[in-house]
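Biologist: Please take a close look at one part of this model, the interface between the chains. What does each side bring to it?

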There are 2 protein chains.
Amino acid sequence: MIPIDFYFDFSSPYGYLGAEKIDDIAARHGRVVVWHPILLGVVFRATGGAPLTEIPIKGDYSKHDFARSARFLGVPFKFPSRFPLATHNAARAFLWLTDRDKTLAKNFARAVYRAYFAEDTDIANTDNLLGIAGSMGVDRPSLQQAMADPAVKERLRAENDAALARGVFGSPFFFVDGEPFWGSDRLPQIDRWLETGGF
Amino acid sequence: MIPIDFYFDFSSPYGYLGAEKIDDIAARHGRVVVWHPILLGVVFRATGGAPLTEIPIKGDYSKHDFARSARFLGVPFKFPSRFPLATHNAARAFLWLTDRDKTLAKNFARAVYRAYFAEDTDIANTDNLLGIAGSMGVDRPSLQQAMADPAVKERLRAENDAALARGVFGSPFFFVDGEPFWGSDRLPQIDRWLETGGF
């Protein structure tokens with residue numbers, strides 16, 4: 001079975017909702033998910049997008065909708081006091097971890113998302129990222145070094161380039177057997193697609 | 001019970017999907033729906049929005065998503081050869097009809113939407129609008145006169161102004177007991193909201 005590709009930015013509220021749900025949906029249909037952290041700022045520069053919350057009128061609605069959509073899905077949520085914020089260190093940490101242990105990396109990503117969107121932790125701060133990883137048994141000095149490693153930086157650039165080349169313009173973004181799905185509100189369509197093999 | 005307000009533009013694919021579903025969802029919970037045609041062009045001038053299909057990259061995805069979302073909801077759909085198009089005559093016709101017979105007006109609106117998004121009919125053409133209304137027993141000369149009536153034009157302007165004042169920035173847009181919902185993909189949330197009285 002072809003894995004599902006899941007593109008997300010650690011500063012994306014709907015990305016957080018996607019991260020909480022996609023592996024369970026995939027598992028029900030015998031699928032695995034490959035997680036790809038990206039930087040929405042880089043994507044928006046290429047596609048002309050903008051953070052939802054900065055758009056007049058729509059911005060206020062979106063903050064309301066983040067919280068309601070989280071309640072709808074049973075996911076804890078509190079709009080963070082710093083938003084959006086820089087996520088390159090979180091993304092680099094994830095990429096370094098996933099090359100070593102994919103399950104650990106996903107657990108780290110979900111913990112980072114929860115720290116940001118449920119507990120208002122500043123996840124741009126590397127000490128906070130190291131604290132989360134450290135509590136999971138990751139060697140902190142090695143991870144700290146990885147976040148500044150040119151090879152890891154290049155790995156993140158390559159993920160961004162690949163995402164843009166595939167037409168990713170937002171977060172979360174999923175590919176199921178080549179079919180693109182944008183947004184956590186497309187999870188029911190993904191579930192049906194996996195159930196029926198396309199509709 | 002407070003009626004649900006449903007704002008839509010006749011040129012909005014997701015508005016069409018909303019129009020096909022909202023009354024059934026409302027009826028299951030003993031609610032009625034008041035339909036408000038608006039002109040997205042006017043709304044976009046005020047809010048800085050743009051037709052989805054004209055946005056680079058996102059535009060191609062959105063055309064794909066319109067069709068898939070329609071299949072997901074079991075609604076016939078074929079992307080029209082003229083898109084977007086002027087909808088002020090369709091909106092004026094609806095407003096004149098709804099002041100006479102609300103059920104007839106909704107049937108007219110659904111028929112106009114289907115003509116556009118399932119049969120590729122040019123609904124900017126007043127003859128086509130009069131044909132649809134005429135087949136439902138509406139007096140064509142009276143409706144033709146209404147579409148040019150300054151009072152009906154003013155009624156549409158007032159609907160647009162009221163929509164903007166309430167924070168409407170897209171189509172479809174719903175208010176359920178004051179709670180705003182944007183998009184046909186929020187129909188499941190509306191269903192839950194009506195079921196539970198808010199969540």
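Modeller: Buried area here is the accessible area (1.4 Å probe) that two parts lose on being put together, summed over both. Between chain A and chain B that area is about 2,600 Å², with 58% given by carbon and sulfur atoms. In chain A, Tyr61(A), Arg68(A) and Phe72(A) lose the most area to chain B, together 26% of what that side buries.

The model is predicted: local features need pLDDT of at least 70, side-chain atom pairs count only at pLDDT 80 or more, and totals for chains, interfaces and linings use all residues. Residues are numbered from 1 along each chain as its sequence is written, chains are lettered from A and ligands numbered from 1 in the order in which they are written, and side-chain values use heavy atoms, without hydrogens and water.

Now the contacts (heavy atoms within 4.5 Å). Chain A brings 26 residues, and they touch 26 residues of chain B. Six salt bridges cross the interface, each a side-chain nitrogen of Lys or Arg within 4 Å of a carboxyl oxygen of Asp or Glu. Arg68(A) forms a salt bridge with Glu179(B), at 2.7 Å, N to O.

On the side of chain A that touches chain B, α3 (58–73), β4 and α9 each give two or more residues. Helices (H or I, at least four residues) and strands (E, at least two) are DSSP runs, numbered from the N terminus. The largest share, eight residues, comes from α3(A).
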